[in-house]
Amino acid sequence: SSDLSSNYDRSCVEDIDCIGVGEGNACETPCEVACPNAAISTRAMDQYNEDWNKTPASACVPLDCGCAVLGKPGCVNGTCTMTPIVLGNNMDGGRK
């Protein structure tokens, strides 16, 4: 079963309006869906969870996928998206 973020409200004003969700086919690529890889509005989370519980997807996803942090949910031009995490060179421990 597939859950697509485009099926849900993705509108936002600021980053806090967005939440990460799993998107994809839970029975074909279960860890892809278990780990946040898309973003929707926090207002749509109840609908997302309700839809998830209506599908066989929850039975396909393993309990622990060891999710890597690939990005974070954020608001970009009024739309919730997963934004890449940029790691800076902080070799000086933040002192300059």
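1. A residue counts as buried when its relative accessible area is under 20%. In this predicted model, Ser41 has a relative accessible area of 0%, and Ser41 is therefore buried.

2. Ser41 belongs to strand β4, which covers residues 38-41. Neighbours within four places in sequence set aside, the contacts of Ser41 are Asp9, Arg10, Ser11, Asp17, Ile19 and Cys80.

3. Asp17, one of these contacts of Ser41, is placed in the loop that runs between β1 (2-3) and β2 (18-21). When residues up to four places away in sequence are not counted, Asp17 touches Cys12, Ile40, Ser41, Thr42 and Cys80.

4. Asp17 is buried but forms no salt bridge. The nearest side chain of opposite charge belongs to Arg43, at 5.2 Å, while a salt bridge requires a side-chain nitrogen of Lys or Arg within 4 Å of a carboxyl oxygen. A polar atom of the Asp17 side chain does lie 2.8 Å from the backbone nitrogen of Val13.

5. The largest nonpolar core comprises ten residues: Tyr8, Val21, Ala26, Val33, Ala38, Ile40, Ala44, Met45, Tyr48 and Trp52. Both β4 and α2 (45-54) contribute at least two residues to this core, and α2 gives the most, with three residues. A second, separate core has five residues, among them Cys12, Cys18, Ala39 and Cys80.

Technical notes
Residues numbered from 1 in each chain as written. Predicted model: local features only at pLDDT ≥ 70, side-chain atom pairs only at ≥ 80, totals over all residues. Heavy atoms only, no water. Helix = DSSP H or I, 4+ residues; strand = E, 2+ residues; numbered from the N terminus. Buried < 20%, exposed > 50% of the residue type's maximum accessible area, 1.4 Å probe, protein only. Contact = heavy atoms within 4.5 Å. Lys, Arg positive; Asp, Glu negative; His and termini not counted. Polar contact = N/O pair within 3.5 Å; in protein donor to acceptor, adjacent residues only side chain to side chain. Core = buried A, V, L, I, M, F, W, Y, C linked by side-chain atoms within 4.5 Å.
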